[in-house]
Amino acid sequence: MFSKILVANRGEIAVRVIRACRELGIRTVAVYSTADAEALAVQLADEAVCIGPAPARNSYLHIPNVIGAALKTGADAIHPGYGFLSEDPYFSEICADNGIVFIGPPPQVMEAVGDKAQARALMAEAGLPLLPGTATPVNSLEEAYAAAEQIGYPVILKAVAGGGGRGIGVVPEFADMRHAYTTTRASARATLGDSSIYLERYLPSARHIEVQVVCDQYGNAVHLGERDCSVQRRHQKLIEEAPSPAVDAGLREELGEVALRGAKALGYRGAGTVEFLLDDDGRFWFMEMNARIQVEHPVTEMVTGVDLIREQIQVAAGQPLSVEQGSVRLTGHAIECRINAEDVARGFAPTPGRLDVFQAPSGPGTRVDTHCVPGTAIPPSYDSMIAKLITWGRDRPDALDRMRRALAELRVAGRGISTTVPFHQSVIDHPAFRAGDVRTDFLARYLGM
Ligand code: MV4
């Protein structure tokens, strides 16, 4: 097992990883930017190294500084968390070149799933169901028109280098193609550094379902059921739950088998997520694979009892999975609300500032993953998430009742800071949400957002 892990991240996920390491008896190194000198992760880790100023490109994304901190402290592995360097195969290779284990899948696998068009082709080869779409990227507006003609409108344009909803553009009909093509390409180039796009049939009202998988180097591969992440805004997830109210045991087994078939075809190792769209007839289609731990992993942990970060670390250290498929049992229901420092009334605009008050809920079936305490700064340079509120119940109504109680208990206040709490309260109490009637158009359909 590793003796020291450097956590190349910040915020709640850095805290989450440090906690897993502590439980495994592994020493930890936090890295931090000057904006995070007082951070909880810095306090909880055994050691901490400043890796640069607030802008992420000069600190959390600055590979020489991160590697330098690992070498200086003698860390034998790096956990990248999510975001930042977590999906960068180049960073993974640099780790290996320096004798440091990157806690994640092999770089070739990261490369294959990072190219969303290539991932689609590989999954088609493995026999996964795909929506009609282009087998390769399109190179001109004319090609896009021709492909859309074949596929049938509406279509969606997706950046090859995208994922998680970055670099996508919906094309309702022929007349919208020219504009969507131009803007999606331009935004893909600007935000992802690669303007390549491919096309898919667009499903305007489906469920966003993702299957958690974990694989080791001995050929063991286990799925841990699905999460339903249909409540999103501009492809930012806001609420996630496990299991999905739309998935029964039979469909779960089918989804799990298909997800594992995909993961095995890629030679996957570590924790990963296979995303699908699910329609009202129980048909589902592969969307993309995520080669990282995800923000919403706690809901899976709450219903399976599996510590996903621990599995990641053990597998990266060359140990076998500590779970087998036959022993995976889903118990009860878990739901997660992302509490962001954002003003819902102003289009979810970030509201950075300092938290004068931060009092987390607790009690039965209540988990709060956060890096916040009274006095924590929410810098404008980073993600606006301040906490993940996760509740568990014996069934979905129990979990939702607990979430209502936990949201009411949470106290957050600071000059200029708004939160998404009122938004979550309105969703949790919405009759359609209560009924599990949730698809990707939920906010538009029921809340006019
Ligand atoms: C789609 C889709 C419908 N049809 N692809 C967004 C994030 C990325 N991982 C996949 N996403 C979607 N891809 C096709 N062909 C719907 C989504 C989607 C979504 C779209 C609009 C508003 C909210 C959404 C929430 C989840 C998924």
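Biologist: Which residue in the hairpin of β9 and β10 takes a positive phi?

Modeller: G219 does, at near 90 degrees, and the hairpin has five residues between the strands. This is a predicted model, in which local features need pLDDT of at least 70 and side-chain atom pairs count only at pLDDT 80 or more, while totals for chains, interfaces and linings use all residues. Residues are numbered from 1 along each chain as its sequence is written, and side-chain values use heavy atoms, with hydrogens and water left out.

Biologist: How do you know that β9 and β10 are paired?

Modeller: Two strands pair if DSSP finds at least two bridges between them. Six bridges join β9 to β10 (residues 221-233), and the two run antiparallel. Within this pair, I209 stands opposite D228 of β10.

Biologist: What joins β9 to strand β12?

Modeller: Nine bridges join β9 to β12 (residues 270-278), again in antiparallel fashion. V213 has G272 as its bridge partner in β12.

Biologist: Why is β9 called largely enclosed?

Modeller: A residue is buried under 20% relative accessible area, exposed over 50% and partly exposed in between, with a 1.4 Å probe and protein chains only. Nine of the nine residues of β9 (residues 207-215) are buried, so the strand is largely enclosed by the rest of the structure.

Biologist: Which residues of β9 point one way, and which the other way?

Modeller: R207, I209, V211, V213 and C215 point one way, whereas H208, E210, Q212 and V214 point the other way. In a regular strand, side chains alternate between the two faces of the sheet.

Biologist: What makes β6 largely enclosed?

Modeller: Eight of the nine residues of β6 (residues 155-163) are buried, so that description applies to β6 too.

Biologist: Which strands pair with β6, and in what sense?

Modeller: β6 pairs with β7 (residues 166-171) in the antiparallel sense over five bridges, and with β8 (residues 197-201) in the antiparallel sense over five bridges. V155 stands opposite V171 in β7, and L157 has L199 as its bridge partner in β8. The hairpin of β6 and β7 has two residues between the strands, and G164 in its turn has a positive phi of about 60 degrees.

Biologist: How many helices and strands are there, and what counts as one?

Modeller: The protein has 15 helices and 22 strands. Helices (H or I, at least four residues) and strands (E, at least two) are DSSP runs, numbered from the N terminus.

Biologist: Why is E12 called buried?

Modeller: E12 has a relative accessible area of 4%, so E12 falls within the buried class. E12 is found in helix α1 (residues 11-24). Leaving out residues up to four places away in sequence, E12 touches Y82, D369, T370, H371, M385 and K388, where contact means heavy atoms within 4.5 Å.

Biologist: Is F91 buried or exposed?

Modeller: F91 is buried, with a relative accessible area of 0%. F91 lies in helix α4 (residues 89-97) and touches I63, V66, I67, I78, L85 and F102, not counting residues up to four places away in sequence.

Biologist: How do you know that the radius of gyration agrees with a compact globule?

Modeller: The radius is taken over C-alpha atoms, and the globule rule is 2.2 Å times the number of residues to the power 0.38. With 449 residues the rule gives a value near 22 Å, and the protein has 21 Å, so the two agree. The C-alpha trace spans about 60 × 50 × 45 Å along its principal axes, and buried residues make up 57% of the 449 residues.
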